[in-house]
Amino acid sequence: MSSPHAQLHNPNQNHLLAAMLDADFARLAPHLEQVSMLLGDVIYDSGDKLQHVYFPTTAIVSIHYLLENGGSSEIAGVGNEGIVGVSLFMGGNSTPSRAVVQTGGVGYRLKAHLLMEEFDRAGPVMRLLLRYTQALITQMSQTAVCNRHHTVEQQLCRWLLLTMDRLPNRELTMTQELIANMLGVRREGVTEAAGRLQQRGFISYRRGHISVLDRAGLEGHVCECYGVVKKEFTRLLSDVRQRQGS
């Protein structure tokens, strides 16, 4: 598992860290701890007090809302574009959601109190984090709309495209059962939807490995929810200065 991630060990591969001004990043950089984020790892659970925030680089974290009956569905995903733990600086030390690693990889963690010290400076880092949070809220809202109004096939297209946007290649390891848990639907629904996408030549699916063969085809087949989320992240974060990682 280490070889795919060995070449990617730079915090600047996280877009938020890369967008910080040099002086702001210099204060945080000595405290950023590189961590392996393995598939299925629980970063935090519902009700936990947040001790760290996480900046994924090659990993993707799924934010789930848990029901009393044990069911759950994904309300957002966080990859190299963001931070895991926004509830910390949005007024609470805990959250009703669970954060689980969806795609194994590497990330950087920072002690919660250090991020809060930076946030409380009320400078560029605070504004950057709030802009990211607005984009994250858009993703959550659009996910709720998509799950209510669009087909499982369209939801799967949206989920695949958002996932691929965070990966360096067009392949991911993910069982249909895990995807069903992400979308909050029955496994049989995912099996049928993936089969139809494969018949169209958009994807190849075998033994838990999904390869995107025709991204343009997926983009032409997906509902508007993907475009709304992508456009909002671009609108809010594209004009911030990106430092070049060494």
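## Exercises on a predicted model

Over residues 150–216 the chain is 54% helix and 16% strand, with the end C-alpha atoms 20 Å apart. Helices (H or I, at least four residues) and strands (E, at least two) are DSSP runs, numbered from the N terminus. The UniProt annotation "domain: HTH crp-type", from an unreviewed entry, covers these residues; such annotations may be inferred rather than shown by experiment.

This is a predicted model: local features need pLDDT of at least 70, side-chain atom pairs count only at pLDDT 80 or more, and totals for chains, interfaces and linings use all residues. Residues are numbered from 1 along each chain as its sequence is written, and side-chain values use heavy atoms, leaving out hydrogens and water.

**Exercise 1.** Compare the span of helix 6 with the expected one, then describe its cover.

*Solution.* 
- Step 1. Helix 6 runs over residues 152–164, 13 residues.
- Step 2. The expected span is 1.5 Å times one less than the number of residues.
- Step 3. From first C-alpha to last, helix 6 reaches 18 Å, close to the 18 Å expected.
- Step 4. Eleven of the 13 residues are buried, and helix 6 is mostly covered. Buried means under 20% relative accessible area, exposed over 50%, partly exposed in between (1.4 Å probe, protein chains only).
- Step 5. Among the buried residues are W159, L160, L161 and L162.

**Exercise 2.** Work out how helix 4 and helix 5 are arranged, and which residues meet.

*Solution.* 
- Step 1. Two packed helices are described by the angle between their axes and the distance between the axes. Axes are lines fitted to C-alpha atoms, for helices over the stretch in contact, and angles run from 0 to 180 degrees between N-to-C directions.
- Step 2. Helix 4 (residues 112–119) and helix 5 (residues 124–149) pack at about 110 degrees, axes 7 Å apart.
- Step 3. Helix 4 is therefore roughly perpendicular to helix 5 (65 to 115 degrees).
- Step 4. L115, E118 and F119 of helix 4 meet V125, M126, L129 and L130 of helix 5. Contact means heavy atoms within 4.5 Å.

**Exercise 3.** Is Q139 buried or exposed, and what does it touch?

*Solution.* 
- Step 1. Q139 sits in helix 5.
- Step 2. Its relative accessibility is 2%, so Q139 counts as buried.
- Step 3. Leaving aside neighbours within four places in sequence, Q139 contacts I75, A76, G77, R166, V229 and F233.

Methods:
Angles under 35 degrees count as roughly parallel, over 145 as roughly antiparallel, 65 to 115 as roughly perpendicular and the rest as oblique.
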